[in-house]
Amino acid sequence: MTLTYYLVLAAILFTIGAVGVLVRRNAIVVFMCVELMLNSVNLTLVTFARATGTIDGQIMAFFVMVVAAAEVVVGLAIIMSIYRTRRSASVDDANLLKY
Amino acid sequence: MTETLGGGETVVFWVLGPIALAGALGMVLSRNAIHSALWLVNTMLALGVFYVVQEAPFLGAVQIIVYTGAIMILFLFVLMLVGRDSSDSVVETLRGQRVAAILLGFGFAGLVGAGIAEATRDLPAGGLGDEGGIGNIPAIAESLFTDYLLAFEVTSALLITAAVGAMVLAHIEREPGSRRTQKELSRARFLTSDQPQTHPGPGVFARANSVAVPAILPDGSRSEASLATGIEPEDPDEMPRPTGRRQLGSPDAALGTLDPAPLDGNDR
């Protein structure tokens with residue numbers, strides 16, 4: 001077993017997250033899929049940090065976590081305010097900009 | 001040159017890798033949003049163990065604390081606020097979108113996975129040495145506060161912006177006075193209903209639930225035998241004794257708002 005296994009696992013997780021974003025309609029679940037994609041990228045960063053023997057990959061993963069936390073806070077607040085006005089958390093219902 | 005990893009790590013990978021994959025698939029496939037969140041917690045815990053195994057113990061701890069501890073709880077909070085029953089609709093907005101997305105996923109996974117597997121076949125498992133073990137946190141701190149100092153400072157601006165943004169977005173503006181106070185709500189609840197509360201049991205004439213209130217003998221005096229040992233008899237707050245037609249159990253007597261009897265305790 002080599003480090004490649006980790007990278008392939010991260011790629012598969014990323015793909016599952018991306019497919020989830022495309023398939024699911026619930027905005028919160030879509031958000032969770034985005035989180036899964038960020039996590040898989042973190043796994044890649046940590047793996048490459050180990051491969052190259054430098055700590056920088058872990059620092060990047062750390063920053064990704066910080067940005068993800070901030071993004072989740074704002075995103076969930078947006079979902080809540082959309083839910084308050086439209087009584088729905090489905091991404092299909094927020095289409096007012098179309099008209 | 002291909003370096004193989006240790007046997008213990010192989011076991012960890014083959015146990016936790018399928019668990020992480022199952023968590024991701026379960027998240028996408030489960031109808032209930034809360035089940036999705038729990039599946040995702042599963043995957044994130046597995047990834048946290050992967051970080052620890054891969055010489056990043058600090059990131060592993062942060063993963064478990066921040067992701068599974070904070071972010072997923074935030075997700076669950078919002079799910080509870082938005083309503084658990086807001087599950088997905090089965091209706092496809094665009095025809096064939098699901099099939100197309102799944103085909104795209106297979107293609108993407110095959111392409112990227114094969115590409116990565118081919119490109120990193122000779123990837124050395126160099127390892128971080130001491131920076132991956134005991135010295136992991138000092139190494140991260142040294143790098144974070146020297147090379148990445150600017151990014152670290154900008155992070156603080158990002159976090160404060162996110163906090164303020166969330167407060168602004170989740171804030172509801174109410175006109176002052178448009179919200180009923182607790183007293184008004186209580187009055188509306190008790191004065192309009194036929195039976196505002198449960199009736200006391202037969203023979204009960206309690207006006208306070210404190211153990212310091214002594215029982216009253218038929219002649220009106222206190223019964224010393226009813227007092228618990230070690231408690232000074234005192235006059236705690238009691239409901240006003242109803243007089244006249246304001247009998248016990250009537251809404252007015254329960255609220256004590258109309259014609260309140262004095263609370264001096266001398267009318268026992």
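This is a predicted model: local features need pLDDT of at least 70, side-chain atom pairs count only at pLDDT 80 or more; totals for chains, interfaces and linings use all residues.
In which hand, left-handed or right-handed, does α1(B) pass α2(B)? The crossing is left-handed.

1. Geometry of the pair. The axes of α1(B) and α2(B) come within 8 Å, and their crossing angle is roughly 155°. Angles over 145 degrees count as roughly antiparallel, so α1(B) is roughly antiparallel to α2(B).

2. Residues in the pair. On the α1(B) side the contact is made by Glu9(B), Val12(B), Leu16(B), Ile19(B), Ala20(B), Gly23(B), Ala24(B), Gly26(B) and Met27(B). The α2(B) side supplies Ser36(B), Trp39(B), Leu40(B), Asn42(B), Thr43(B), Ala46(B), Leu47(B), Val49(B), Phe50(B) and Val53(B). By class, the contact has 13 nonpolar, five polar and one charged residues. An α-helix has 3.6 residues a turn, so residues three or four places apart point the same way. Several of the listed positions can be read with that spacing in mind, among them Val12(B), Leu16(B), Ile19(B) and Gly23(B) on α1(B).

3. Chain B as a whole. Chain B has eight helices and zero strands, and its order along the sequence is α-α-α-α-α-α-α-α. Of its 268 residues, 18% count as buried. Among contacts in chain B with a separation of 6 or more, 50% join residues 24 or more positions apart.

4. The side of chain B that touches chain A. Here 75 residues of chain B are in contact with 63 residues of chain A. At least two residues each come from α1 (7–29), α2 (33–53), α3 (57–82), α4 (97–119), α5 (136–144) and α6 (149–170) of chain B. The most come from α3(B), which gives eleven residues. Sorted by class, this side of chain B has 50 nonpolar, 19 polar and six charged residues.

5. Helix α2 of chain A. Does the length of this helix, residues 27–52, agree or disagree with what 1.5 Å a residue would give? The 26 residues should span 38 Å, and because the end C-alpha atoms are 38 Å apart, the two agree. As for cover, 22 of the 26 residues of α2(A) are buried, so that the helix is mostly covered by the criterion of 20 or more other C-beta atoms within 10 Å. Just after α2(A), Gly53(A) takes a positive phi of about 75°.

Terms used:
Residues are numbered from 1 along each chain as its sequence is written. Chains are lettered from A and ligands numbered from 1 in the order in which they are written. Helices (H or I, at least four residues) and strands (E, at least two) are DSSP runs, numbered from the N terminus. A residue is buried if 20 or more other C-beta atoms lie within 10 Å of its own, exposed if 12 or fewer, and partly exposed in between; C-beta atoms are placed from the backbone. Two residues are in contact if their C-beta atoms, placed from the backbone, lie within 7 Å. Ala, Val, Leu, Ile, Met, Phe, Trp, Tyr, Cys and Pro count as nonpolar, Asp, Glu, Lys and Arg as charged, and the others, Gly among them, as polar. Axes are lines fitted to C-alpha atoms, for helices over the stretch in contact, and angles run from 0 to 180 degrees between N-to-C directions. Angles under 35 degrees count as roughly parallel, over 145 as roughly antiparallel, 65 to 115 as roughly perpendicular and the rest as oblique. A crossing is left-handed if the near helix is turned anticlockwise from the far one by less than a right angle, and right-handed if clockwise. The expected span of a helix is 1.5 Å times one less than its number of residues.
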